[in-house]
Protein chains: 2
Amino acid sequence: MSNGVLEPLDQAIVRELAADGRRSFTDLAERVGLSVSAVHQRVRRLEQRGVIRGYTARLDGEQIGLPLTALISLTPNDPAAPDDYPQRLEHISEIESCYSVAGDESYILLVRVGSPLGLEDLLRRIREVAKVSTRTTVVLSTPFEGRSPTL
Amino acid sequence: MSNGVLEPLDQAIVRELAADGRRSFTDLAERVGLSVSAVHQRVRRLEQRGVIRGYTARLDGEQIGLPLTALISLTPNDPAAPDDYPQRLEHISEIESCYSVAGDESYILLVRVGSPLGLEDLLRRIREVAKVSTRTTVVLSTPFEGRSPTL
DNA sequence: GGTGAAAATTGTGGAAT
DNA sequence: ATTCCACAATTTTCACC
């Protein structure tokens with residue numbers, strides 16, 4: 001399938017929905033210069049093609065009881081073990097994102113917890129279920145996060 | 001202000017909107033067991049209080065022309081310089097998130113670019129504008145990302 | 001693909017409890 | 001703070017280009 005570049009109109013739609021995921025079709029139609037129906041159809045197609053993976057509310061970690069964010073680097077205890085770490089970690093809800101990376105470590109996780117004790121417990125669970133050693137970098141503050149990319 | 005814990009009803013609403021940012025008020029009302037108006041009012045209040053910071057479409061980096069993700073650690077060249085890095089970096093649109101962290105480095109950035117050349121150029125700009133040295137970890141794949149937290 | 005319009009559904013504000 | 005109600009706006013489908 002067509003990889004890489006998005007058609008300019010789809011690009012415009014996607015940009016608007018990245019900036020405001022609740023923008024109405026009416027609003028989108030005006031901004032991109034199409035009829036409401038046309039926009040509607042394009043958005044559905046973008047969703048089906050997986051260009052748009054979904055919509056989400058961006059939340060304030062402090063105010064929802066998860067004030068502690070951390071980045072955790074994973075290094076396998078047994079380098080010969082099969083690489084099924086994502087599957088092993090998927091069920092741990094505190095893990096927001098999981099990246100497979102090039103470099104010294106194998107994976108980097110972004111996690112959110114309620115307290116230092118919660119982090120300690122989370123690390124114990126991660127090491128146990130995935131048989132890895134961990135290196136944790138605590139986030140002190142978040143100047144900005146989840147900004148929408150410029151297409 | 002009330003910090004930390006959210007009222008159970010607000011918690012339920014926030015959880016639903018994290019899972020699907022386009023859920024309708026009607027839908028939300030059914031799921032949390034309130035009238036549409038009550039939900040409507042609560043959502044507006046959550047937005048005003050900043051618990052909900054906004055809504056966004058989650059996009060597939062590959063399909064929007066930004067297939068290369070990286071984590072960049074920043075270390076100040078001059079440790080005595082004033083700490084205004086976030087301000088200096090804010091205008092660089094490739095930087096999706098900026099975390100101030102405890103540990104060897106001062107900041108960790110999550111960035112998305114179109115190509116290795118794009119990454120090279122981005123690194124040059126970051127070093128130039130922020131007077132930092134950088135350490136880059138390239139993301140090979142993303143098993144999962146941006147999952148909504150369990151409240 | 002796109003348009004325009006009808007029908008169904010949802011959003012929004014106000015008065016009352 | 002919640003519910004009910006009425007009106008405005010949006011979503012969704014469909015026939016036609």
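A polar contact is a pair of N or O atoms within 3.5 Å. The model examined here is predicted. In this model, a polar side-chain atom of B:His40 lies 3.0 Å from a phosphate oxygen of DNA strand C. That pair falls within the cut-off, so B:His40 makes a polar contact with DNA strand C.

A polar side-chain atom of A:Arg42 is 2.5 Å from a phosphate oxygen. B:Ser37 instead approaches a base: one of its polar side-chain atoms lies 3.0 Å from a base oxygen of DNA strand C. In total, 13 residues surround DNA strand C. The closest are A:Ser35, A:Ser37, A:Arg42, B:Phe25 and B:Arg44. By class, the residues of this surface divide into four nonpolar, six polar and three charged. Of the atoms of DNA strand C within 4 Å of the protein, 74% belong to sugar or phosphate, and the rest belong to bases.

DNA strand D has 15 residues around it. A:Phe25, A:Arg44, B:Ser37, B:Arg42 and B:Arg45 come nearest. Sugar and phosphate account for 69% of the atoms of DNA strand D that come within 4 Å of the protein. Both chains supply side chains that lie by its phosphate oxygens. For A:His40, the distance from a polar side-chain atom to a phosphate oxygen is 3.2 Å. For B:Ser35, a side-chain N or O atom is 2.9 Å from a phosphate oxygen. For B:Arg42, the corresponding value is 2.4 Å.

Three helices each supply at least two residues of the surface near DNA strand D: helix H2 (25-32) and helix H3 (36-49) of chain A, and helix H3 (36-49) of chain B. H3(B) gives the most, with five residues. This surface holds four nonpolar, seven polar and four charged residues.

Eight strands close into it in the order S2(A)-S4(A)-S3(A)-S5(B)-S2(B)-S4(B)-S3(B)-S5(A), with antiparallel pairing. The twist averages 35 degrees from one strand to the next. Helix H5 (residues 116-130) of chain A packs on the sheet. This helix touches S2, S3, S4 and strand S5 (132-144) of chain A, and its direction makes about 140 degrees with that of S5(A). Helix H5 (residues 116-130) of chain B packs on the sheet as well, touching strand S2 (68-76), S3, S4 and strand S5 (132-144) of chain B. Its direction makes about 140 degrees with that of S5(B).

S4(A) has partners in its own chain. Seven bridges join it to strand S2 (residues 68-76) of chain A, and the two run antiparallel. Here A:Ser73 stands opposite A:Ile108. Strand S3 (residues 95-101) of chain A pairs with S4(A) in the antiparallel sense over five bridges. A:Ser97 stands opposite A:Leu110. S3(A) and S4(A) form a hairpin with five residues between them. In the turn, A:Gly103 has a positive phi of about 135 degrees. In chain B, strand S3 (residues 95-101) and strand S4 (residues 107-113) also pair in the antiparallel sense over five bridges. The bridge partner of B:Cys98 in S4(B) is B:Leu109.

Definitions and conventions. Residues numbered from 1 in each chain as written. Chains lettered and ligands numbered in written order. Predicted model: local features only at pLDDT ≥ 70, side-chain atom pairs only at ≥ 80, totals over all residues. Heavy atoms only, no water. Near = heavy atom within 4 Å. Polar contact = N/O pair within 3.5 Å; in protein donor to acceptor, adjacent residues only side chain to side chain. Helix = DSSP H or I, 4+ residues; strand = E, 2+ residues; numbered from the N terminus. Nonpolar A, V, L, I, M, F, W, Y, C, P; charged D, E, K, R; others polar. Pairing = 2+ DSSP bridges. Axes fitted to C-alpha atoms, helices over the stretch in contact; angles between N-to-C directions. Contact = heavy atoms within 4.5 Å.
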